[in-house]
Amino acid sequence: EISECLVGSEMCIETADNLYTECAYYPESKKLVVINNSDTEQTTTIPTEAGACTVTIAPYDTTFVEIR
């Protein structure tokens, strides 16, 4: 599922291919935030203009990724 929202003056794109994760991608800042909402390690892939970004994240963790 892909949705868009405005955070400050920047568009945020929320998409994830794993139902146990949430993400927010900020294309202008080239930053990605991924949250694991489960009690097990999860892997999710997020589409960006630089290509797909795959992230593996620990249980109940939040990670920040700089997209290059």
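Residues are numbered from 1 along each chain as its sequence is written, and side-chain values use heavy atoms, with hydrogens and water left out. Because the model is predicted, local features need pLDDT of at least 70 and side-chain atom pairs count only at pLDDT 80 or more, while totals for chains, interfaces and linings use all residues.

**Confidence**
- The mean pLDDT (the predictor's confidence in each residue, from 0 to 100) is 83 for the protein, and 79% of its residues reach 70 or more.
- Strand β1 (residues 2-7) has the lowest confidence, with a mean of 50, whereas β7 has the highest, at 94.
- Where pLDDT is low, the predicted coordinates should not be read in detail.

- Strands here are DSSP runs (E, at least two residues), numbered from the N terminus.
- β5 (residues 42-48) pairs with β6 (residues 51-57) in the antiparallel sense over seven bridges; pairing requires that DSSP finds at least two bridges between two strands.
- Two residues lie between β5 and β6 in this hairpin.
- Thr45 has Thr54, in β6, as its bridge partner.

**Asn18, in a loop**
- You will find Asn18 in the loop between β2 (10-15) and β3 (21-26).
- Asn18 counts as buried because its relative accessibility is 12%; buried means under 20% relative accessible area, exposed over 50%, and partly exposed in between (1.4 Å probe, protein chains only).
- A polar atom of the Asn18 side chain lies 2.8 Å from the backbone nitrogen of Tyr20.
- The Asn18 side chain also reaches the backbone oxygen of Thr43, at 3.0 Å.
- Beyond its neighbours within four places in sequence, Asn18 is in contact (heavy atoms within 4.5 Å) with Gln42, Thr43 and Thr44.

**Ala58, in another loop**
- Ala58 sits in the loop between β6 and β7 (62-66).
- With 33% relative accessibility, Ala58 counts as partly exposed.
- Although 17 residues separate Ala58 from Glu41 in sequence, their C-alpha atoms are 4.5 Å apart in space.
- Not counting residues up to four places away in sequence, Ala58 touches Asn36 and Glu41.

**Cysteines**
- A disulfide is a covalent bond between the sulfur atoms of two cysteines.
- With a disulfide taken as a pair of cysteine sulfur atoms within 2.5 Å, the count comes to zero.
- The cysteine sulfur closest to that of Cys53 is in Cys23, and at 9.3 Å it is too far for a bond.
- Cys23 is buried, with a relative accessible area of 8%, and Cys53 counts as buried at 13% relative accessibility.

Notes: Helices (H or I, at least four residues) and strands (E, at least two) are DSSP runs, numbered from the N terminus. A polar contact is a pair of N or O atoms within 3.5 Å; within protein, one must be able to donate a hydrogen and the other to accept it, and residues adjacent in sequence count only if both atoms are side-chain atoms.
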